[in-house]
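Visitor: I am new to this structure and would like to know what lies behind the words used for it. Could you go through some of them with me?

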Amino acid sequence: MFYFDHAATTPVDSRVLQKMLPYFTENFGNPNSQHAYGRRTAAAVDEARDTVASLIGAKPNEIYFTSGGTESDNWALRGAAHANAERGKHLIVSAVEHPAMISTAKELQKEGFEVTFAAVDEFGRVDLQKLKDSIRPDTTFIGVMTANNEIGTLQPIAEISALARERGILFFTDAVQAAGALKLNVKEPAVDMLSFSGHKFYGPKGVGVLYVRSGVRLGKIITGGHQERSMRGGTTNVPGIVGLAEAFRIANEEMAQNNAHVSAIRDRFIARVLHEIPYVKLNGHPKDRLPNNANFSFRYIEGESLLFSLDLAGIAVSSGSACSSGSLEPSHVLLATGLPEGLAHGSIRFSFGKENTAGQIDIAVEKLKEIVVRLRNLSPLFPKELKNEVYDKEIK
Ligand SMILES: *Cc1c(COP(=O)(O)O)cnc(C)c1O
């Protein structure tokens, strides 16, 4: 079995698990408690907060722990929209944001906010001129992700940060896919808020971070006790937070060697697929993309059938995005890049990880070639005059 779906989630690194385990058993205290049990876990959470803050150039009191990327995205967008509503009710988010942002923006539209979904180019990069033109005097928030979860495209966030700064508009970036793969620094480029999530970099699920620059006006979305400096109620997820910080520390420490390995096997995969399988398009930017992402449209094939055949062959991938699988809607990201609906339906995301090997890539390419020929043979969409074969152009 080969797991090529690291953009959906990753396994917990064994070193991370070891660090978490005591916080499920002997160190179970509630960090809010006024006794030794509480003090011990409060110290662990403080240490995790310091670790995360120092790795992104933030102050510890600018770090909020949440239940994951979805909550952090919701909080940034909804919390900023509400807290700044008297200044204006226009929000800008890119058209290729994660559903955590897109659906929150749509909810805010129902509440009377106006939202511009900023257009992207054919590679999925935000069009800076169009973004600039959409800014209005009542714009309070711009949200553009650092890297896209479906096609891996990196966004020009330095330019967008500068645009937002000049006009006094809050700038938020969803760095869920970027965290662990790219160095993040909240001052370079300057961001007001930034989100990431433990389970995308070999940490646990159900725990995330929202960085909020001190001075930013942000409302609460989860009300309760005085946890997280009274900004987010709920008993602290101590093992999760300890695990997230340890996973983030390891990911940053080992980033160079992991990226070198992952991008080498990813590049080999892309090169072989494009050379050996006809009628295939690589989606996303050819160079400015995450090191682990390869997203292809296989013409004349349904992405879902390709996914199921690969699954039967023991290869785990994703069609469109994990969050929209189960629905037959073509990916909003691919449509925003101008990809025709047919090609968007035939798209598959391969996202590699540190435990994948070049040997797995080569086996996967051979299986993929067989499956593509078989599915095209069955496909009524495949034109009879085309030759259904693969090319023998293997590159060493
Ligand atoms: C996975 C993901 C999220 C959601 O994070 P969860 O922790 O799974 O809720 C948000 N944004 C992007 C870009 C993601 O890839």
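Guide: This is a predicted model. A place to begin is β12, which pairs with strand β13 (residues 347-351) in the antiparallel sense over two bridges.

Visitor: What makes β12 and β13 a pair?

Guide: Pairing asks for at least two bridges. β12 and β13 have two bridges, so they count as paired. Within β13, Arg-349 stands opposite Ser-318. Helix α9 (residues 255-276) packs on the sheet and touches β9, β10 (293-298) and β13. The direction of α9 makes about 15° with that of β10. Helix α10 (residues 303-312) also packs on the sheet, touching β10, β12 and β13, and its direction makes about 40° with that of β13.

Visitor: Why are β9 and β12 said to stand at the edges?

Guide: The open sheet has four strands in the order β9-β10-β13-β12, with antiparallel pairing. β9 (280-283) and β12 (318-319) each have a single partner strand, so one side of each is left without a neighbour in the sheet.

Visitor: Why is Glu-246 called buried?

Guide: The cut-off for buried is under 20% relative accessible area. Glu-246 has 10%, so it is buried. Glu-246 is found in helix α8 (residues 238-253). Not counting residues up to four places away in sequence, Glu-246 touches Arg-15, Val-16 and Lys-19. Its C-alpha atom is separated by 9.5 Å from that of Asp-13, 233 residues apart along the chain.

Visitor: What makes the link between the side chains of Glu-246 and Arg-249 a polar contact?

Guide: The limit on distance is 3.5 Å. The contact between the side chains of Glu-246 and Arg-249 is 3.0 Å, so it is within that limit. Another polar contact joins the side chains of Arg-78 and Glu-111, at 3.3 Å. Arg-78 lies in helix α3 (residues 69-83), and Thr-104, Leu-108 and Ile-221 are among the residues in contact with Arg-78.

Visitor: How many aromatic pairs are there?

Guide: The count comes to 16 aromatic pairs.

Visitor: Why is the pair of Phe-196 and Phe-248 called stacked?

Guide: Two rings pair if their centres lie within 6.5 Å, and planes under 30 degrees apart count as stacked. The ring centres of Phe-196 and Phe-248 are 4.6 Å apart and the planes are at 25°, so the pair is stacked. Phe-196 lies in strand β7 (residues 193-197) and Phe-248 in helix α8, so the pair ties together parts that are 52 residues apart in sequence. Phe-196 is buried at 0% relative accessible area, and Phe-248 counts as buried at 1%. Elsewhere, ring pairs link a cluster that includes Phe-2, Phe-269 and Phe-350.

Visitor: How do you know that Lys-89 sits over the ring of Phe-113?

Guide: The charge has to be within 6 Å of the ring centre and within 35 degrees of the ring normal. The charged end of Lys-89 is 4.8 Å from the ring centre of Phe-113 and is listed as sitting over that ring. Lys-354 lies over the face of Tyr-202, at 4.2 Å from the ring centre.

Visitor: Why is strand β3 described as largely enclosed?

Guide: Five of the five residues of β3 (residues 90-94) are buried, so the rest of the structure largely encloses this strand. His-90, Ile-92 and Ser-94 are buried on one side, and Leu-91 and Val-93 on the other, which covers both faces. β3 runs parallel to strand β4 (residues 114-118), joined by five bridges. His-90 stands opposite Glu-114 in β4.

Definitions and conventions. Residues numbered from 1 in each chain as written. Predicted model: local features only at pLDDT ≥ 70, side-chain atom pairs only at ≥ 80, totals over all residues. Heavy atoms only, no water. Contact = heavy atoms within 4.5 Å. Axes fitted to C-alpha atoms, helices over the stretch in contact; angles between N-to-C directions. Buried < 20%, exposed > 50% of the residue type's maximum accessible area, 1.4 Å probe, protein only. Polar contact = N/O pair within 3.5 Å; in protein donor to acceptor, adjacent residues only side chain to side chain. Phe/Tyr/Trp six-rings, centres within 6.5 Å; stacked < 30°, edge-to-face > 60°.
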